[in-house]
Amino acid sequence: MPPRRTSRLLAAVTVGALALASGCGNQPSTQTATGSLQTMFEHDFYFDPQVLHATPGELTLQIVNRGRIPHNFRIEKAGREVGRTSALKPGRSARVTVKLTRGDYHYFCSVGNHEELGLYGTLVVR
């Protein structure tokens, strides 16, 4: 296995083991956006919600860092960035407005290896 793939696998196994040890289930938090503003929380190292459902159109995401270290927010569709925030210190928040078309979006924190540690999610637009 290439080194990067090995480190991702190791990170995934570690996160899974920690989740089981802490009594967390395998179900990601899921929410449906209602209205044009959706609040999302960044923790060390997961999003709440981890799966978000929305309809096509403009949506403003309020990103709140509830972690103990800085996190940022990026959202992509088919590998193309459609929105981002700068790094947010703990307790800080920022808003990003995105124009959504049907499809699946990937959101994540691009600071260090935070995405590999579990700080990512999916936005499903139908």
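Select H114 first: is H114 buried or exposed? H114 is buried, because its relative accessible area is 7%; buried means under 20% relative accessible area, exposed means over 50%, and partly exposed is in between, with a 1.4 Å probe and protein chains only.

Before going on, note that this is a predicted model, in which local features need pLDDT of at least 70 and side-chain atom pairs count only at pLDDT 80 or more, while totals for chains, interfaces and linings use all residues. Residues are numbered from 1 along each chain as its sequence is written, and side-chain values use heavy atoms, with hydrogens and water left out.

**Stop 1: around H114**

H114 sits in the loop between β9 (103–108) and β10 (120–125). Strands, like helices, are DSSP runs numbered from the N terminus: a strand is E with at least two residues, a helix is H or I with at least four. Now show the residues in contact with H114, where contact means heavy atoms within 4.5 Å. Leaving aside residues up to four places away in sequence, H114 touches F45, I69, P70, H71, C109 and L119.

**Stop 2: two cis peptide bonds**

From that list, select F45, which belongs to the loop between β2 (37–42) and β3 (47–48). The peptide bond joining D44 and F45 is cis, with omega about 15 degrees. Next select D48 and P49: the peptide bond from D48 to P49 is also cis, with omega near 5 degrees. P49 is in the loop between β3 and β4 (51–54). For background, most peptide bonds are trans, and most residues other than glycine have a negative phi.

**Stop 3: the hairpin turn**

Select A78, in the loop between β6 and β7. What is the phi of A78? Phi of A78 is near 55 degrees, a positive value in a residue other than glycine. A78 counts as exposed because its relative accessible area is 76%.

β6 and β7 form a hairpin with two residues between them. Strand β6 covers residues 71–77 and strand β7 covers residues 80–88; they pair in the antiparallel sense over six bridges. Two strands count as paired if DSSP finds at least two bridges between them.

**Stop 4: the sheet**

Show the strands as a cartoon. In general, strands of a sheet pair through backbone hydrogen bonds, either parallel or antiparallel. Here six strands form an open sheet in the order β1-β4-β10-β9-β6-β7, with mixed pairing. Its edge strands are β1 (30–32) and β7, each of which pairs on one side only. From one strand to the next, the twist averages 15 degrees; the axes are lines fitted to C-alpha atoms, for helices over the stretch in contact, and angles run from 0 to 180 degrees between N-to-C directions.

Now select R74. Which residue is the bridge partner of R74 in β7? The partner in β7 is R84, and in β9 the bridge partner of R74 is F108. β6 and β9 pair in the antiparallel sense over three bridges.

**Stop 5: salt bridges**

Side chains of opposite charge can pair when their charged atoms come close. A salt bridge is a side-chain nitrogen of Lys or Arg within 4 Å of a carboxyl oxygen of Asp or Glu. How many salt bridges does a search of the whole structure find? The search finds five.

E81 is partly exposed, at 37% relative accessibility, and R84 is partly exposed, at 46%. R74, E76, E81 and R84 are linked in a network of salt bridges.

Finally, select R126 and D104, whose side chains meet in a salt bridge (3.3 Å, N to O). This pair links distant parts of the chain, with R126 in the segment after β10 and D104 in strand β9, 22 residues apart. D104 is partly exposed, at 43% relative accessibility.

**Last stop: the whole chain**

Zoom out. The secondary structure of the protein chain comes to one helix and ten strands. Of its 126 residues, 35% are buried.
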